[in-house]
Amino acid sequence: MFLDDLELPDLVKRELSTTETTAPMRAGLSNEGSPSQLDLSRTMRRSIARRIGLRRPRPDEMVQVEQRIEALEAQRPLSAHDLDELHQLREQRTTMQRRLARIAWVDPVDLRYRRHAVVPQPVTRAVMFCLMDVSGSMTERMKDLAKQFFALLHVFLERRYRTLDIVFVRHAERAEEVDENTFFHDPSTGGTLVSSALELMADIQKKRYPVQSWNIYAAQVSDGDNLPSDMARACGILTGDILPNVQYFAYIEVSASGAVIRGQTDLWRAYHDISTHVPHLAVRRVTERKDIFPVFRDLFSQQPERENA
């Protein structure tokens, strides 16, 4: 209920996936097919119509004739009328037995199989890069806010999109691609070098997710701290290698406490300045747990709602 009206912004259909370009679709009925595709209801309807049209005796009719013949044969003596009736019933039984032998309960002409045709299906492929700062300047409370945001993002992506990859990258002074469990649970610390995460993301994207066939998204969470000497390199990678290739880049800055008003960090100032002329770069702040969901909805609400915000 909370996630159904959210979407990845500007998700465009690019090159079809090589593994999911076709899908079977219902294409009527056929007289031949696999037993697993037998349409039993239609087959039985045709069988009943054919048996009625050819006047195949019903089992209860055969039982009634047999019972009447047995009853007459048990009578002694038989009148002329009873003899005539017995003769007619025996002829009727013979005729019914011949019809039963000739008219099958289910004939091959009755069989109807569900037919499927393979048709091309447009498949939108997307990848989400999750970049998290785990350096020493990130307190446990900040890391908890970051993980809660990414957990919400992960649930949203898994529920809404079938053909979507998620790449987890965490960084201190060095960036590394990790699995989901390590990303959310393995402790790490160290210095801060934001460019290492951006550089690793750009490298992974170029090698595995060509821009002509993938919709590329990124969400970065940090406390805004970075080495002053690294700011130029980080901004250069962001503007030169990442933003031209992504559909959307969200930067979320976590603060130490909602009661503490922080000045603008170097990373916030740099990203905010870039976002003024790059509309698909969004920057937001989170200071308390209660801020996570409103910020998440603001970032991933459907287009008209986002423009109004």
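Predicted model: local features only at pLDDT ≥ 70, side-chain atom pairs only at ≥ 80, totals over all residues.

**Entry 1: the whole chain.** I counted 10 helices and eight strands in the protein chain. Of its 309 residues, 40% count as buried. I then looked at contacts between residues at least 6 apart in sequence, and 79% of these join residues at least 24 apart. The accessible surface comes to about 16,900 Å², with 52% of that belonging to carbon and sulfur atoms.

**Entry 2: helix 7.** This one runs over residues 231-242, 12 residues in total. From first C-alpha to last I get 15 Å, close to the 16 Å expected at 1.5 Å a residue. Which residues of helix 7 are buried? My list has Met231, Ala234, Cys235, Ile237, Leu238 and Ile242. They cover an arc of only 160° around the axis, so they sit on the same side of helix 7. What do the buried residues of helix 7 pack against? I found helix 6 (194-208), strand 7 (248-254), helix 8 (266-275) and strand 8 (281-286).

Entry 3: Six strands form an open sheet, ordered 5-4-3-6-7-8, with mixed pairing. Strand 5 (175-178) and strand 8 stand at the edges with a single partner strand each, so one side of each has no neighbour in the sheet. Ignoring direction, neighbouring strands of this sheet are turned by 20° against each other on average.

I zoomed in on one pair: strand 3 (residues 126-133) and strand 6 (residues 215-222) run parallel and are joined by seven bridges. Taking Met132, I looked up its bridge partner in strand 6, and that is Val221. Helix 8 packs on the sheet and touches strand 6, strand 7 and strand 8. The direction of helix 8 makes about 145° with that of strand 8.

**Entry 4: helix 3.** Last stop for today. Helix 3 spans residues 80-102, which is 23 residues. End to end, first C-alpha to last, helix 3 reaches 33 Å, close to the 33 Å expected at 1.5 Å a residue. Its buried residues are Asp82, Leu86, Leu89 and Met96. I checked where these buried residues of helix 3 pack, and the answer was helix 2 (59-74).

How values were computed:
Residues numbered from 1 in each chain as written. Heavy atoms only, no water. Helix = DSSP H or I, 4+ residues; strand = E, 2+ residues; numbered from the N terminus. Expected span 1.5 Å × (residues − 1). Buried < 20%, exposed > 50% of the residue type's maximum accessible area, 1.4 Å probe, protein only. Arc of directions from axis to C-beta. Contact = heavy atoms within 4.5 Å. Areas by Shrake-Rupley, 256 points an atom, 1.4 Å probe, with all protein chains shown as cover. Pairing = 2+ DSSP bridges. Axes fitted to C-alpha atoms, helices over the stretch in contact; angles between N-to-C directions.
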